[in-house]
Amino acid sequence: MWSTARASLAGLLLARRMVGPIRALRAGAERIGAGDFAQRISIDTGDELEALADQFNEMGSRLQESYADLEQKVELRTQELAQSVEELRALGEVSQAVNSSLDLPAVLSTIVAKAVQLSDTEAGAIYVYDEAARQFELRATHGMSEELIAAIGARHADLSDTDVGHAAARREPIQVAHLTQAPPSELRDIVLEAGFRAVLVVPLLRPDHIFGALVVRRRQPGEFPKATVDLLQTFATQSVLAIQNARLFTEIEEKSRQLEVASQHKSQFLANMSHELRTPLNAILGYTELMIDNIYGEVPAKMRGVLDRVQSNGRHLLGLINDDDYSLGDIVQGVITSVESLATEKRLNLKIDVPPDLPAGRGDERRIAQVLLNLVGNAIKFTDQGEVAISASATNGAFTIAVRDTGPGIPLSEQVKIFEEFHQADNSATKTKGGTGLGLSIAKRIIEMHGGHISVQSSPGFGSTFSVSLPVNVSA
């Protein structure tokens with residue numbers, strides 16, 4: 001009896017001794033489970049409960065370290081994503097500037113400003129290479145004082161001089177991490193005096209041409225990260241496109257001016273020739289008519305047949321002098337011949353519906369062909385699958401020409417704006433295809449000069465149809 005009582009008392013004491021540590025373990029586990037990884041359990045029993053508490057504490061320490069490391073990784077990744085978004089935004093702005101403007105200084109200024117911003121530098125510049133002079137000229141700057149611009153601009157570097165020339169000659173980026181340790185030179189001293197300690201030069205290149213160089217300067221010495229070098233090479237590509245576009249536009253303007261002068265001379269020549277030919281030809285036709293009417297006496301039957309042929313051919317020649325006729329069917333066929341290879345390359349079907357009995361039109365055949373070539377070329381460029389169809393008809397003294405595609409379509413809000421100069425439909429499809437945004441505005445002007453009208457019907461996802469209404473006889 002006494003032994004049983006003692007056992008019960010011992011069990012009660014042992015249970016009370018275990019209750020406190022177990023409660024502490026449970027409370028600590030709950031706090032750790034709730035995310036309080038700094039929580040530590042303190043049990044001093046010298047048995048398995050104390051060992052279990054130590055294990056809980058070790059687990060909490062590991063979780064705390066893992067969580068801190070995870071937070072750091074998340075923060076770092078968030079910063080990287082933010083930087084990537086900023087870079088994409090900047091590249092988008094630069095691409096928009098290149099595609100929507102032919103003002104080279106403005107475009108280059110935009111490029112160098114974004115390059116400085118994203119490379120975490122304080123100043124930058126773009127040089128353009130003059131092949132005739134074989135020298136680099138300073139064309140755009142950002143973050144540079146007037147004194148520094150004047151000092152650098154006064155020095156025209158060539159391929160054998162300065163880091164700009166060396167980068168272009170070697171066709172790869174060059175960086176000077178510590179300008180104070182670079183070989184002495186006049187340019188180095190100018191840049192050091194302005195407070196810069198590191199420079200990165202990225203050449204502007206095409207496989208067979210040197211266009212210039214993109215330069216960024218930093219006040220803090222040290223190597224430029226590879227990511228920065230890669231990013232600036234992308235900006236360098238945009239710079240090359242801007243320079244190419246500007247040069248091409250200048251060449252086109254000059255060629256257009258020359259063609260305009262030549263066209264004026266040609267028109268004047270043809271007008272003079274027409275006048276010189278028309279007068280004697282009318283006289284010949286008049287005398288022929290008088291002879292056929294027996295004004296000069298009875299005409300033998302054999303001679304009358306000859307005079308009829310003279311009169312018929314004379315009237316035909318006079319019609320050639322007076323008229324500027326064209327065949328719409330021939331224009332369409334010429335355009336199809338020009339773009340057929342492009343459609344074949346993209347595996348697009350080209351459909352033509354032009355009746356053979358269309359009347360002869362009168363107008364500027366070359367300009368009308370230019371409009372149709374622009375419309376069909378755009379349809380093929382923006383259509384990735386399906387077909388491009390061209391149809392034509394003539395009713396009530398007017399041609400109706402339609403160019404239909406199965407491309408991405410154009411939002412209603414953009415359908416009027418696309419005929420404005422330098423405007424492109426604001427969607428991803430058109431942004432990736434590129435272009436200057438001039439083709440449709442020129443087409444509209446040509447059609448309206450002919451007394452016609454151009455319009456578009458479209459909806460996103462269902463293609464587009466451009467329609468042209470054009471008088472058959474412009475002079476009518």
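Biologist: Which residue of β12 is the bridge partner of Ser458?

Modeller: This is a predicted model in which local features need pLDDT of at least 70 and side-chain atom pairs count only at pLDDT 80 or more, while totals for chains, interfaces and linings use all residues. Residues are numbered from 1 along each chain as its sequence is written, and side-chain values use heavy atoms, without hydrogens and water. Within β12, the partner of Ser458 is Ser464.

Biologist: Which strands stand at the edges of the sheet?

Modeller: The open sheet has five strands with mixed pairing, in the order β7-β9-β10-β12-β11. Two of them have a single partner strand each, so one side of each lacks a neighbour in the sheet, and these are β7 (349-353) and β11 (453-458).

Biologist: At what angle do helix α9 and helix α10 pack?

Modeller: Helices here are DSSP runs of H or I with at least four residues, and angles run from 0 to 180 degrees between N-to-C directions, with axes fitted to C-alpha atoms, for helices over the stretch in contact. The axes of α9 (residues 328-345) and α10 (residues 365-382) are 9 Å apart, and the packing angle is about 30°. That makes α9 roughly parallel to α10, a term for angles under 35 degrees, the angle being about 30°.

Notes. Helix = DSSP H or I, 4+ residues; strand = E, 2+ residues; numbered from the N terminus. Parallel < 35°, antiparallel > 145°, perpendicular 65-115°, else oblique. Pairing = 2+ DSSP bridges.
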